[in-house]
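Biologist: I'm new to reading protein models. Could you walk me through a few features, one at a time?

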Amino acid sequence: MNKRWNISLLITLVVFNINSNGQISSFNPVKIIGGISQKITINGSGFGNLQGKNYVTFLQESGSFLDTSNAKKLKYTSWSDTKIEVEMPVAYSGKIKVNINGIDKISNDTLKVKANQGYRSANPIVYDYLNNTNGKGGYTWYMHRTYWENPAAKTAIEDVFKEFRCKTGVNYILANAPSDAAFSLGDGINIIGPDITLGAVGFTDRLWISCFLGAEIFYTTKAMDIRMSTTQDWYFGGGTVPSGKSKFRYVLLHELGHSLGLGHVNEIGQTMFPSVTNLPSNNWNKRDSITTDEQIAITYLVKLSQTFSFNACGISTLSKISNCNDVYGLTSEIDRFKKKITYSFYPNPAFDRIYFNTNQQTLNGSTIRLMDILGRHISTEKINTDGIVELYLTNLKPGSYIVEIENKNEIGRLNLIKK
């Protein structure tokens, strides 16, 4: 009788000790995006009324959990004996661990991290913001001549840019001319081009800069390059990939995601899955769009980049786009000014030159650009004189052109016919 009673008492004590050290019963949401200030609530018991030295940790891309030091630095919005609320950091899908008094308590269920928006610091969250680097509201990307002169490749790049512009509002435009520039983040040219030395299928290089204003440090992305391997047998079309080929559009979707701060995830079906060719990605890379989760993550950064208040080092906010299908930014460039310059030139049609008559205003300090009918740049002149200005056309072939005048506040365009 006494022996049985002692055994029952021992079992009760063991159960009591397990509960006192804490256990996870559930968490919400079960699907989440890392790095955009979304909160996850962890329910259970025995967490302690104060956080103290306890912490929550999540699986990382390395295969290990977030280390103790960084896990303690996460933003905990509440901590009680039965519930913990914490902002979701960048992580991989996996179990959740709550460390209580040095002992890990692991969830039974798996948290699914559908997308990650990268940051510099998780508490407070610090990003590499996007900004107006090209004077047109965002970033200008150049196609390497290899792709520019390949109609299928050029169309693929245009379509991928439309996807990102229309889904996220990011002010990425394509240059109206090809580039033969090498990969160099210091040359001021953001280029998408082939790389014969690349060991991966694709790779994104980013250059960030920091600016100090008093005690504030602001980080922003200054330049980017996307390198695409020349060892791949590229398929430039959409939909299902023919056997033995690699899908250019899908890899470019992945790399542009990196350019916008997205990190990898281990969720099957996501564009930012580490593998973009071969299995398992071939099961879903027939898709020609980013996922809803990736759209949410990028849009979050884009909106922050459109509204930040930092104003130093020549940094200004990312501009909104007016026509997401206009990947060359022709309408966006015009619409960024509400007031248009009133000017004229003569004669039109013209043979060897045209003359500008300023009438009520001066052209001094303005810039005159000559472009072809598709908006591709031909020449630029800075005006440093008042009154009548001449523009020589002797090197132009007969045809239609665009003449643009711009100063810091206004812009205007007129069509020109060269005889």
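Modeller: Happy to! The expected span of a helix is 1.5 Å times one less than its number of residues. Keep in mind that this model is predicted. Helix α6, residues 292–307, has 16 residues and reaches 23 Å from first C-alpha to last, close to the expected 22 Å.

Biologist: Which residues of α6 are buried?

Modeller: Here is the general idea: an α-helix has 3.6 residues a turn, so residues three or four places apart point the same way. In α6, the buried residues include Glu294, Ala297, Ile298, Leu301, Val302 and Ser305. Their cover includes β2, β9 and α4.

Biologist: Now disulfides. How many are there?

Modeller: A disulfide is a pair of cysteine sulfur atoms within 2.5 Å. By that rule there are 2. In one of them, the sulfur atoms of cysteine 166 and cysteine 324 sit 2.0 Å apart. Cysteine 166 belongs to helix α4 and cysteine 324 to the loop between α6 and α7, so this pair ties together parts 158 residues apart in sequence.

Biologist: And what does a disulfide join to cysteine 211?

Modeller: Cysteine 313, with an S to S distance of 1.8 Å. Cysteine 211 lies in strand β15 and cysteine 313 in the loop between α6 and α7, 102 residues apart. Relative accessibility is the next thing to read. Buried means under 20% and exposed over 50%. Cysteine 211 counts as buried because its value is 2%, while cysteine 313, at 56%, counts as exposed.

Biologist: What is the pairing, numbering the bonded cysteines in sequence order?

Modeller: The pairing is 1-4, 2-3.

Technical notes: Residues numbered from 1 in each chain as written. Predicted model: local features only at pLDDT ≥ 70, side-chain atom pairs only at ≥ 80, totals over all residues. Heavy atoms only, no water. Helix = DSSP H or I, 4+ residues; strand = E, 2+ residues; numbered from the N terminus. Buried < 20%, exposed > 50% of the residue type's maximum accessible area, 1.4 Å probe, protein only. Contact = heavy atoms within 4.5 Å.
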